[in-house]
Amino acid sequence: WPKVFGWHYSHIKKLMKNMVESNSEDEFITIFEDIRRRCPNEKHQEYLEKEVFANRRHFVSCWTKSYTGHLDRLGNQGSESNHSSYCQRISYGAKVNPAEQLAQCLERSKDIAKELNAARYRNYANAMRLVANISSNSNRTEADVQHAHALTHLSSEGLKQWTECNAELPHYSMFDQDGSDAKLVVRNVDQMQPPRIVGPNQRCLECQRSKATMS
């Protein structure tokens, strides 16, 4: 960050630190918007949008602390990157005997598999119940129909992404293009970013995670 923001970094250094240590998503958003207001440079605005905000789940405390096996680290790196933390727990003279730890890991793997299967069944049963409720509702909206379609056609991870996209939807506005089926997409909270044109059934190529689609 000092290399990216140069001399301006000293003015936002404390805010950046507080942003990384945010304990909730709301706290992160509040600090992030404050940082953006203090960075009028267009290059810095683009970096904050595409590199910081888009990758917030990889380094902000409120997300990384929720990952299984994070070993009290501040990031979500894998075991190789966390080698030193891992060694503190299983190496010679550490907290856990390696053989005992391995046996516990294997047993835990079996438990996790059972938990995942049970969770999949619960998710499926809950999805079918929601779809049945939507289908029986004579006042269902187009959004309800799309939600039912997502419940029956998407995997659990796909449904999670669908839910995230719907949560982000209020931050965007779409306008018709004269003489075209394409839509003009503008991010409400960031009018400094150029508008994006999204065609029918086409991915928004400029979207950081390439999940925004029009259908």
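At what angle do H3 and H4 pack, and how far apart are their axes? In this predicted model, local features need pLDDT of at least 70 and side-chain atom pairs count only at pLDDT 80 or more, while totals for chains, interfaces and linings use all residues. Residues are numbered from 1 along each chain as its sequence is written, and side-chain values use heavy atoms, with hydrogens and water left out.

Select H3 (25–37) and H4 (42–53), two helices (DSSP runs of H or I, at least four residues, numbered from the N terminus). They pack at about 155°, with axes 10 Å apart, the axes being lines fitted to C-alpha atoms over the stretch in contact and the angle, from 0 to 180 degrees, lying between N-to-C directions. H3 and H4 are therefore roughly antiparallel, a term for angles over 145 degrees.

Next, show the side chains where the two helices meet: Phe28, Ile29, Phe32, Ile35 and Arg36 in H3 touch Gln45, Leu48, Glu49, Val52 and Phe53 in H4, contact being heavy atoms within 4.5 Å.

Now centre on Ile35, which, leaving aside neighbours within four places in sequence, is in contact with Ile12, Leu15, Met16, Met19 and Leu48. Ile35 and Met19 touch the most other members of the largest nonpolar core, which has 16 residues; such a core is a set of buried Ala, Val, Leu, Ile, Met, Phe, Trp, Tyr and Cys residues joined through side-chain atoms within 4.5 Å. Its largest share, five residues, comes from H2.

How values were computed:
Buried < 20%, exposed > 50% of the residue type's maximum accessible area, 1.4 Å probe, protein only. Parallel < 35°, antiparallel > 145°, perpendicular 65-115°, else oblique.
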